[in-house]
Amino acid sequence: MLDKLSGVFAPKPSAGPHKSRECLPTVIFLRNRLKYALTYTEAKKICAQRLIKIDGKVRTDMTFPAGFMDVISIEKTNEFFRLIYDVKGRFTVHRITKEEAQYKLCKVKKVMVGGKGVPMIVTHDGRTIRYPDPHVKVNDSIRLNLESNKIEDYIKFDSGNLVMITGGHNLGRVGVITSRERHPGSFDIVHIKDAANNTFATRLSYVFLIGKGNKPWVSLPADKGVRKSITEEREKRLAQKA
């Protein structure tokens with residue numbers, strides 16, 4: 001995220017909805033990615049003016065942890081971004097339309113029954129949503145409207161659905177689930193095939209559903225989640241130079 005020569009200290013993300021290893025402090029996004037601020041102090045002043053919204057809420061804490069699938073909106077410049085991984089596993093500056101900024105996808109981490117018998121689900125970004133659709137189970141994805149905080153639709157965890165990998169060696173790759181191996185007492189393994197017919201396997205906990213069939217519900221960054229081999233990347237670079 002940060003180059004190794006530009007200083008000793010880095011902003012530590014605040015405690016918040018995402019794990020500190022899997023998030024991006026807002027200040028890094030503003031200063032190092034968007035280049036809207038030159039210094040830490042400038043980024044602080046931008047946040048203090050209440051210009052930055054994350055998931056539709058104004059955030060003045062400049063180290064607020066924005067994580068995977070979060071929508072960052074800057075209404076002053078009429079820009080909307082979704083934090084999403086590129087094929088190299090880095091958070092990329094992915095611009096989206098205003099329509100797409102109205103919703104986000106959340107992975108269901110836990111299904112439980114709360115007080116007075118109220119069914120609830122807990123999502124990957126720390127939200128608790130009451131009275132979900134009874135068909136929604138763990139590992140499914142829900143499409144959440146950010147204004148009303150209601151579930152608009154959901155994707156079941158099934159073979160043939162489109163997923164993005166959010167951890168491990170294949171971070172940022174996109175493909176279709178082909179099969180799931182169950183290993184009681186250990187990690188379940190999911191086998192995935194991408195658009196270029198490459199197959200790979202990863203842990204169940206790293207799999208995030210992003211679409212039904214092979215149609216994604218969110219727009220994807222440039223390479224559409226297909227990782228190229230080193231030789232393919234070299235050929236692409238040489239072709240660009242020529």
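Colleague: Which residue of β14 is the bridge partner of V163?

Modeller: The bridge partner of V163 in β14 is G175. This is a predicted model, in which local features need pLDDT of at least 70 and side-chain atom pairs count only at pLDDT 80 or more, while totals for chains, interfaces and linings use all residues. Residues are numbered from 1 along each chain as its sequence is written, and side-chain values use heavy atoms, with hydrogens and water left out.

Colleague: How many bridges join β13 to β14, and what makes two strands a pair?

Modeller: Strands (E, at least two residues) and helices (H or I, at least four) are DSSP runs, numbered from the N terminus. Two strands pair if DSSP finds at least two bridges between them. Here, 3 bridges join β13 to β14, and these strands run antiparallel. β13 also pairs with β17 (residues 207-212), in the antiparallel sense, over 4 bridges. There, I165 has V207 as its bridge partner.

Colleague: Which way do the side chains of β13 point?

Modeller: In a regular strand, side chains alternate between the two faces of the sheet. In β13 (residues 162-165), L162 and M164 point one way, V163 and I165 the other way, and all are buried. Buried means under 20% relative accessible area, exposed over 50%, and partly exposed in between, using a 1.4 Å probe and protein chains only.

Colleague: Is S179 buried, exposed or partly exposed?

Modeller: S179 sits in β14 (residues 174-181), and it counts as partly exposed because its relative accessibility is 29%. Contact means heavy atoms within 4.5 Å. Leaving aside neighbours within four places in sequence, S179 touches S159, I189, V190 and H191. S179 and K193 are 14 residues apart in sequence, with 9.7 Å between their C-alpha atoms.

Colleague: Now for whole sheets. In what order do the strands of the sheet that holds β8 lie?

Modeller: That open sheet has 5 strands in the order β10-β9-β8-β11-β12, with antiparallel pairing. β10 (128-130) and β12 (151-155) are its edge strands, each pairing on one side only. For angles, axes are lines fitted to C-alpha atoms (for helices, over the stretch in contact), and the values run from 0 to 180 degrees between N-to-C directions. Neighbouring strands in this sheet are turned by 40° against each other on average, direction ignored.

Colleague: What happens around β9?

Modeller: β9 (residues 119-123) runs antiparallel to β8 (residues 103-113), and 5 bridges join the two. Across that pairing, V111 stands opposite I121 and M112 opposite M120. The β8-β9 hairpin has 5 residues between its strands, and K116 there takes a positive phi near 60°. On to β10: 3 bridges join β9 to this antiparallel strand, and M120 has R130 as its bridge partner. The β9-β10 hairpin has 4 residues between its strands, with G126 in the turn at a positive phi of about 75°. β9 is mostly covered, with 4 of its 5 residues buried.

Colleague: Finally, how much space lies in the largest pocket?

Modeller: Rolling a probe the size of a water molecule over the atoms shows where empty space is left. On a 1 Å grid over the protein atoms alone, a pocket is an open set of points where a 1.4 Å probe fits, with protein on both sides within 12 Å along at least five of seven lines; lining residues have an atom within 4 Å of a point. Points are joined across faces, edges and corners, and the volume is the space filled by probe spheres set on them. The largest pocket holds about 660 Å³. Its lining has 33 residues, with K19, R21, E22, C23 and Y85 nearest its centre. β1 (23-25) and β8 are the elements giving two or more residues to that lining, and β1 gives the most, with 3.
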